[in-house]
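Let's take a walk through this one together. We'll start at the ligand and then move on to a pair of packed helices.

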Amino acid sequence: MFSLSSTVQPQVTVPLSHLINAFHSPKNTPVSVSASISQNQHRDVVSEHEAPSNEPVLNLRDLGLSELKIGQIDQLVDSLLPGFYKDKNVSSHWHTSHVSAQSFFENKYGCLDIFSTLRSSCLYRQHSRTLKRICSDLQYWPGFIQSRGFKTLKSRTRRLQSTSERLAETQHTAPSFVKGFLLRDRGSDVESLDKLMKTKNIPEAHQDAFKTGFAEGFLKAQALTQKTNDSLRRTRLIVFILLVVGIYGLLKNPFLSVRFRTTTGLDSAVDPVQMKNVTFEHVKGVEEAKQELQEVVEFLKNPQKFTVLGGKLPKGILLVGPPGTGKTLLARAVAGEADVPFYYASGSEFDEMFVGVGASRIRNLFREAKANAPCVIFIDELDSVGGKRIESPMHPYSRQTINQLLAEMDGFKPNEGVIIIGATNFPEALDNALIRPGRFDMQVTVPRPDVKGRTEILKWYLNKIKFDQSVDPEIIARGTVGFSGAELENLVNQAALKAAVDGKEMVTMKELEFSKDKILMGPERRSVEIDNKNKTITAYHESGHAIIAYYTKDAMPINKATIMPRGPTLGHVSLLPENDRWNETRAQLLAQMDVSMGGRVAEELIFGSDHITTGASSDFDNATKIAKRMVTKFGMSEKLGVMTYSDTGKLSPETQSAIEQEIRILLRDSYERAKHILKTHAKEHKNLAEALLTYETLDAKEIQIVLEGKKLEVR
Ligand SMILES: Nc1ncnc2c1ncn2[C@@H]1O[C@H](COP(=O)(O)OP(=O)(O)OP(=O)(O)O)[C@@H](O)[C@H]1O
Ligand SMILES: [Zn+2]
């Protein structure tokens with residue numbers, strides 16, 4: 001009752017109502033008349049048996065129970081501790097511990113606890129039996145549980161000077177019965193509740209209220225502790241949530257998540273995707289590859305058809321080709337056509353620094369796939385998991401991973417319904433064990449698309465955007481030799497973006513040409529200020545190339561000429577082969593050389609040999625390369641014969657000089673041919689250069705108009 005402790009609240013709440021009753025019931029009972037007599041009796045007895053020691057004395061008055069008769073004490077005890085008088089053997093630990101407990105309390109709090117007063121000799125002598133039993137039962141009361149709030153309260157109270165100050169201070173913070181307790185001075189002159197009421201001049205009529213307040217204070221204290229408890233619980237909950245969030249955050253860290261994912265099997269690679277929306281229709285320009293994969297689709301659709309005949313299908317298919325040619329797309333299309341789950345894994349995912357992680361991922365992947373057969377497992381960048389087993393500190397466990405992959409591939413039967421498709425840009429880098437029969441035993445090449453393939457791919461992606469009817473995908477396809485499917489997709493996308501930026505409603509050839517040049521040569525440098533002199537030189541240089549191309553029979557048709565700076569160039573002329581060239585004739589090679597020479601020849605003829613520029617260096621590079629290959633590779637030199645010369649550095653000095661001489665002759669002749677053409681067509685050359693200076697860029701048609709001597713329409 002006198003102590004606060006959050007840990008024993010349930011015990012305290014029951015007796016409180018009893019306590020309030022106990023304060024009031026004696027006065028309200030009919031025996032109140034005899035109360036004063038009994039009070040005197042008490043006093044007499046007490047004075048008779050005054051405690052000899054200076055031990056602090058607290059009587060029933062001190063407890064505010066002075067008006068109680070002895071019988072009423074029993075009544076009070078009974079109401080406080082129901083069932084107390086029933087016979088029960090309560091063994092008391094009190095006698096053995098009260099001295100140390102008292103001194104402990106006194107040392108700690110600087111005052112006596114109320115229980116020690118209950119045990120004081122005067123009360124003991126009079127009501128030894130009852131009090132002894134009360135005290136032995138009170139051991140279950142929260143009297144000796146140290147409370148933090150209590151301590152803080154006391155230390156605060158100590159600092160206060162006067163009693164009134166203390167009261168005012170403690171009124172808001174402490175329960176009133178605790179206040180009463182604390183307000184007592186140390187030592188013998190213990191102030192009683194009655195005295196307190198007297199010193200505070202509390203009128204008789206208000207004394208009951210005062211006592212009730214005493215008990216109410218207790219209730220408040222309880223509420224306070226309850227609050228403390230609640231906030232404690234809240235704090236614990238918040239700490240717990242933070243802890244959980246913290247752990248989750250740590251596990252999200254890629255370094256740690258590796259282990260987590262492995263131990264729990266939560267591997268992203270293990271989630272299949274249904275590929276219904278991707279079919280062979282989506283893959284353009286790789287007809288041969290599609291045909292080869294068609295039988296795999298048939299197998300996945302109907303495995304029994306193949307097993308009945310005893311036919312064996314390859315377990316693994318290796319798609320080989322340069323980046324962006326649609327290998328992943330093809331694998332997805334296989335799963336989509338057959339309508340089976342598609343498991344995607346990238347080889348680099350398996351390449352882990354931790355022992356066994358890569359291997360266990362492969363295990364997980366195959367276990368899941370087998371459970372969902374028929375299905376397709378696609379391993380992209382197979383070379384990074386199945387590369388030659390080089391011991392390297394960067395890939396310490398790659399060997400384990402490859403071995404696991406081999407074991408898994410050996411572990412299932414060919415007709416189990418799991419098809420593994422691997423993709424690589426470097427088939428040479430693959431471990432030989434992986435490409436032997438029984439593993440990746442079928443190889444499908446996915447090459448860069450040819451002009452027909454590029455046209456198809458361009459049409460496919462153009463159909464996804466708004467484009468003008470004048471757009472001819474074939475022209476773009478012809479000018480994009482060596483572009484992969486991904487690059488063509490990007491070209492169309494860039495053109496659409498350009499049209500949007502320019503506020504156009506549709507994509508035209510202009511935007512497509514623009515994005516093609518941007519990809520090939522870098523972005524335009526419109527902001528670069530080129531002075532008129534340099535512009536003029538560039539215009540004559542570029543139209544020199546164009547004139548040679550136009551008037552040379554075996555040269556490629558002109559596509560465009562421009563003096564707009566782009567990337568590292570100040571201008572360029574682009575030529576388009578009618579088709580992808582698989583072979584080139586001697587005449588075609590010579591024509592290419594002549595066109596290259598056209599730029600410098602133009603500079604020399606127009607501005608004089610003293611004013612030639614450095615602008616022709618890449619033209620000469622190009623022409624020299626062609627001449628060198630004609631001599632050393634294609635057997636196109638009469639002097640050196642039909643022989644190849646691979647490592648020219650190791651050749652005899654005579655042969656070397658003979659090669660050099662032949663190359664020089666080819667280049668010189670080419671230069672002369674170009675000079676002849678430009679001299680012959682000096683007028684056209686001038687017209688074209690001026691048109692370029694006016695319009696910056698001219699397309700094939702416009703060039704033709706100028707060269708035919710017609711006037712260009714004003715744009
Ligand atoms: N033949 C094609 N037909 C249609 N679209 C293509 C083709 N090739 C590539 N693409 C487009 O380019 C994208 C990238 O291609 P994909 O990822 O399949 O190439 P990849 O050969 O797997 O490349 P990598 O070797 O770099 O993994 C595709 O999603 C598709 O949009
Ligand atoms: Zn040039």
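A polar side-chain atom of Y461 sits 2.6 Å from a nitrogen atom of ligand 1, a polar contact in the sense of a pair of N or O atoms within 3.5 Å. On its own, ligand 1 would expose 630 Å², and the protein buries 79% of that (Shrake-Rupley areas, 1.4 Å probe).

Before going further, a word on the model: it's predicted, with local features needing pLDDT of at least 70 and side-chain atom pairs pLDDT 80 or more, while totals for chains, interfaces and linings use all residues. Residues count from 1 along each chain as written, chains are lettered from A and ligands numbered from 1 in written order, and side-chain values use heavy atoms, without hydrogens or water.

Now look at helix 26 (residues 586-607) and helix 28 (residues 653-680), which pack at about 65° with axes 7 Å apart (axes are fitted to C-alpha atoms over the stretch in contact, and angles run from 0 to 180 degrees between N-to-C directions). Among the residues making the contact are L590 and M593 of helix 26 and L666 and Y671 of helix 28, with contact meaning heavy atoms within 4.5 Å.

Key. Helix = DSSP H or I, 4+ residues; strand = E, 2+ residues; numbered from the N terminus. Polar contact = N/O pair within 3.5 Å; in protein donor to acceptor, adjacent residues only side chain to side chain.
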